[in-house]
Amino acid sequence: RKEAEERRKEWARVKEKEEKDRKQRYAERDRRNRGKKPVPRELMAKANELSDKSEQAKQQGNMAGAEKLLKEALQMNPDHGLTLLRWALLLERLQRYQDATREYEKALEAGSPALFDRQRLVAQNNLGLMYKEQMNRHDKAEVVWKDAIADMEKARVNNFHFPYRNLGQMFEKNSRTYEAIPLFAKTATIKKDDGLRMYGDLLLPYVYQDEEDVLAWRERFKANVKRLAKQKLQIADPIGMDGVPQYYLSYHGRNDAKINARISRGFRKMAPSVSFVAPHTRGYSPPPPGKKIRIGV
């Protein structure tokens, strides 16, 4: 309990500092945008028209045409948030990841006009993926996904789960399990996904500080298995799940047959489809004693 309380206090201090830094960065961005020369209304309207036409070209599979239209639109209005976002999305689709990263950054800085809430969230989420997967800059991905989460909470957007999930998955892989758990829980709530809720509740670290840490995580795990068994959860698509992370129980070096059996019973209850038995095997009976068993591989 003492460690948990210290952890909560540390998280509160970190969150307070992050919020202060975020406000400062956003204020600087707004100052830069106020200092820019405004684009004439007629030119902005023409740029918007070209940007919209680029979407039609992309939907028709005409990537070269979409690229040409976007470049023309950005020549007329280089600070148009939605056009920059569309350009970044096209570059990512063309696997020009460095260029896409740069344009996502520009889109988030744009102010003529700036991105709307949903557009900004898409840019932030995709930029985080570029940082993480293409540049291996987990530090930058963390900042931009936390910005997205803060912006969502401020704008009361409650139907966009990707930044929560992506940040949770990155924290899980980086052994920041305590921080990943609430992000998976939030994602499960937004998506109404009981499979992901189960995953977050049974999450285990890859690495432990000491024996005491192992025991504490095992107690949490066992308590959550019992709690999940009492809930009326439904998993419609078990194949599409992220998995069930009890695999990492094997790292503890203990006999976990009973707890794995309990998980199996609970999982069959949540996802009845996994109990399917092929019709031609239902009448099977074992061979009499002494007769060889035939096995097909």
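Begin by selecting helix α4, where G81, T83, L84, L85, R86, W87, A88, L90 and L91 are buried, buried meaning under 20% relative accessible area with a 1.4 Å probe and protein chains only. Helices here are DSSP runs of H or I with at least four residues, numbered from the N terminus. This is a predicted model, in which local features need pLDDT of at least 70 and side-chain atom pairs count only at pLDDT 80 or more, while totals for chains, interfaces and linings use all residues. Residues are numbered from 1 along each chain as its sequence is written, and side-chain values use heavy atoms, with hydrogens and water left out.

After α4 comes Q95, whose phi is positive, near 65°.

Next, select D147, which lies in helix α7 (residues 138-155). D147 counts as buried because its relative accessibility is 5%. If neighbours within four places in sequence are left aside, D147 is in contact with R22, R25, Y26 and Q124.

Finally, show α6 together with helix α8 (residues 162-173), whose axes come within 10 Å and cross at roughly 20°, the axes being lines fitted to C-alpha atoms over the stretch in contact, with angles from 0 to 180 degrees between N-to-C directions. Which residues make the contact of α6 with α8? On α6 they are N125, L129 and K132, and on α8 they are F162, P163, N166 and M170.

Technical notes
Buried < 20%, exposed > 50% of the residue type's maximum accessible area, 1.4 Å probe, protein only. Helix = DSSP H or I, 4+ residues; strand = E, 2+ residues; numbered from the N terminus. Contact = heavy atoms within 4.5 Å.
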